[in-house]
Amino acid sequence: MVGVSDPQRYVLTFGCPDRTGIIARISGFLADHGGMIAEAAYHTDPDSGWFFTRQVVNADSLPFDAAGLRERFASVADELSAESSWQVLDTGERPRAVVLVSKAGHCLYDLLGRVASGELDVDIAAVIGNHDSLADITRAHGIPFHHVPFPAGDPEGKAAAFAEVAKLVDEHDPNAIVLARFMQVLPAELCAAWAGRALNIHHSFLPSFIGAKPYHQAHTRGVKLVGATCHYVTADLDAGPIIEQDVIRVDHGDSVADLVRKGRDIEKVTLARGLRWHLEGRVLVHGNKTMVF
């Protein structure tokens, strides 16, 4: 994800049980290889007793590439009992995303615009929809659109549709699978296969306003805040680790249409932020809790 003037960097992230000397061990390892740390963040969670860090190293300061850094740091990770999810990202490698959609297009339009303007540095390899409403805008951006219908009331047909979606997604081995208002519940096996890569966005009325027409329910109750939540997808519906949340104020003068419009605005921004932070390796997950550096 390196821009024209951005230096190439390696982003090292991991969590491990907290103890004395972790920072010294990391910085000593990098210094021994000539690594120059450009950015460093740390956090100790007192509830779990775990330590988390994100280290950004100038690539040209090391005598090896990202693969070499992974290979050499593996012994340090083992020594510190780091979680198996520790990783090294190379900002010189442009990440890939696949977007899943239904009929609502506001999140997809926003992501396409941010990518086209260079604001969001990611290749959208494909868009997959269970309706074809967003095919034209997707193809207008030069991105393949795949229509995979989901037959109503047909469990076997739905399972076959998800199998086709999985095949299309996995062909691209994406760094992120973005559910941009995709109105189908991922089966548990896909949640497991895409763990830590599948991101979802939805309004933050849950659990208060469940089911259809949440904005109508919120309007009837006179809510004063409309919000959105971006989180990782798990088999526990809408309860995965939270990446980002935001709110916007509403008042008694707002109609249902106003609430829907403002809700869509906050969903777009929240999803874009969450995706950016995910791609930049800023989100560390421990259990169902996240640290965002």
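Predicted model: local features only at pLDDT ≥ 70, side-chain atom pairs only at ≥ 80, totals over all residues.
Residues are numbered from 1 along each chain as its sequence is written, and side-chain values use heavy atoms, with hydrogens and water left out.

**Helix pair.** I found α3 (residues 106-116) packing on α8 (residues 256-279) at about 50°, with the axes 9 Å apart. That makes α3 oblique to α8 (under 35 degrees is roughly parallel, over 145 roughly antiparallel, 65 to 115 roughly perpendicular, the rest oblique). Helices are DSSP runs of H or I with at least four residues, and strands are E runs of at least two. Axes are lines fitted to C-alpha atoms, for helices over the stretch in contact, and angles run from 0 to 180 degrees between N-to-C directions.

**Serine 204.** I placed serine 204 in the loop between β9 (198-203) and α7 (214-221). Serine 204 counts as partly exposed because its relative accessibility is 30% (buried is under 20%, exposed over 50%, with a 1.4 Å probe and protein chains only). Among its contacts (heavy atoms within 4.5 Å) I listed Gly227 and Gln245, leaving aside residues up to four places away in sequence.

**Strands.** Gly227 turned up again: its bridge partner in β11 is valine 247. I counted 7 bridges joining β10 (residues 225-232) to β11, and the two run antiparallel.

Technical notes:
Pairing = 2+ DSSP bridges.
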